[in-house]
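Here is a short briefing on one protein model. Look over the sequence and the structure first, then read the points below.

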Amino acid sequence: FNASAYDWSGTNNLLPLNSFIRKVLVIRERYHDIICNGSKGSLVLPFVSAPEVLAVMRKGTSCNLLFIGNSDCENHAEATLEFGSEKKELKDLITATDRQIVNHRLELKLEPGECLIFEIPS
């Protein structure tokens with residue numbers, strides 16, 4: 001969402017949507033250098049065990065951003081991603097919900113259309 005192209009923060013008067021968009025705009029501003037990095041190798045598509053779940057990692061110098069989204073807006077999705085870390089706690093930047101990497105795996109049960117964004121140290 002480009003804040004300069006449209007005032008996403010308040011003009012539609014839909015409070016739940018405004019709250020969500022506000023969070024996304026804060027994340028976009030905080031990680032602008034990573035999100036807008038167009039250099040070769042800065043965008044990675046991790047393997048996900050479910051075809052309806054999309055994962056995109058943007059690489060930065062001090063940390064990476066991992067987006068995971070259920071592209072099915074009508075059905076739940078279960079998916080697994082594998083990590084080099086054996087155990088780690090990840091916090092979703094949108095909901096502040098903790099997710100656990102256990103035995104190198106992040107196992108997810110996603111609501112229809114649910115999206116997650118994690119900061120992962122480089």
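The points below go from the overall layout to single residues.

This is a predicted model. The protein has two helices and eight strands. Along the sequence they follow the pattern α-α-β-β-β-β-β-β-β-β.

**Overall layout**

- The protein has 122 residues, and buried residues make up 33% of them.
- Take the contacts with a separation of 6 or more: 51% of them are between residues 24 or more positions apart.

**The sheet**

- Four strands form an open sheet. Their order is β4-β7-β6-β5, and the pairing is antiparallel.
- In general, strands of a sheet pair through backbone hydrogen bonds.
- Which strands stand at the edges? They are β4 and β5 (87-91). Each has a single partner strand, so one side of each is left without a neighbour in the sheet.
- On average, neighbouring strands of this sheet are turned by 25° against each other, direction ignored.
- Strand β6 covers residues 98-102, and five bridges join β5 to β6. These two strands run antiparallel.
- L90 has its bridge partner in β6, and that partner is R99.

**The nonpolar cores**

- In soluble globular proteins, nonpolar side chains tend to be buried together.
- How many residues does the largest nonpolar core have? The number is 19. The residues with the most contacts inside this core are V53, L66, I68, L81, F83, L106 and F118.
- Five strands each supply at least two residues of this core: β2 (53-59), β3 (63-70), β4 (77-82), β7 (105-110) and β8 (115-121).
- Another core, of seven residues, lies apart from the largest one. Among its residues are I27, Y31, I94 and I117.
- V53 is one of the residues with the most contacts inside the largest core. Set aside its neighbours within four places in sequence, and V53 is in contact with V48, I68, G69, A77, A79 and L110.

**A buried threonine**

- T80 is found in strand β4.
- Is T80 buried or exposed? T80 has 15% relative accessibility. The cut-off for buried is under 20%, so T80 counts as buried.
- Beyond its neighbours within four places in sequence, T80 is in contact with F47, V48, S49, R105, L106 and E107.
- V48 is a contact of T80 and also a contact of V53.

**The largest pocket**

- The largest pocket has a volume of about 350 Å³.
- This pocket is lined by 14 residues, and the closest to its centre are V24, I27, I35, F67 and I117.
- I27 and I117 also belong to the core of seven residues.
- Which elements give two or more residues to the lining? They are α1 (15-30), β2, β3 and β8.
- Helix α1 gives the most to this lining, with four residues.

**The loop between β6 and β7**

- N103 lies in the loop between β6 and β7, and H104 has its place in the loop between β6 and β7 too.
- N103 has a positive phi of about 55°, although N103 is not a glycine.
- H104 is likewise a residue other than glycine with a positive phi, near 70°.
- N103 has a relative accessible area of 52%, so N103 is exposed.
- H104 has a relative accessible area of 34%, so H104 is partly exposed.

Note on methods: Residues numbered from 1 in each chain as written. Predicted model: local features only at pLDDT ≥ 70, side-chain atom pairs only at ≥ 80, totals over all residues. Heavy atoms only, no water. Core = buried A, V, L, I, M, F, W, Y, C linked by side-chain atoms within 4.5 Å. Buried < 20%, exposed > 50% of the residue type's maximum accessible area, 1.4 Å probe, protein only. Contact = heavy atoms within 4.5 Å. Pairing = 2+ DSSP bridges. Axes fitted to C-alpha atoms, helices over the stretch in contact; angles between N-to-C directions. 1 Å grid on protein atoms, 1.4 Å probe; cavity = no way out; pocket = protein on both sides within 12 Å on 5 of 7 lines; lining within 4 Å. Points joined across faces, edges and corners; volume = space filled by probe spheres on them.
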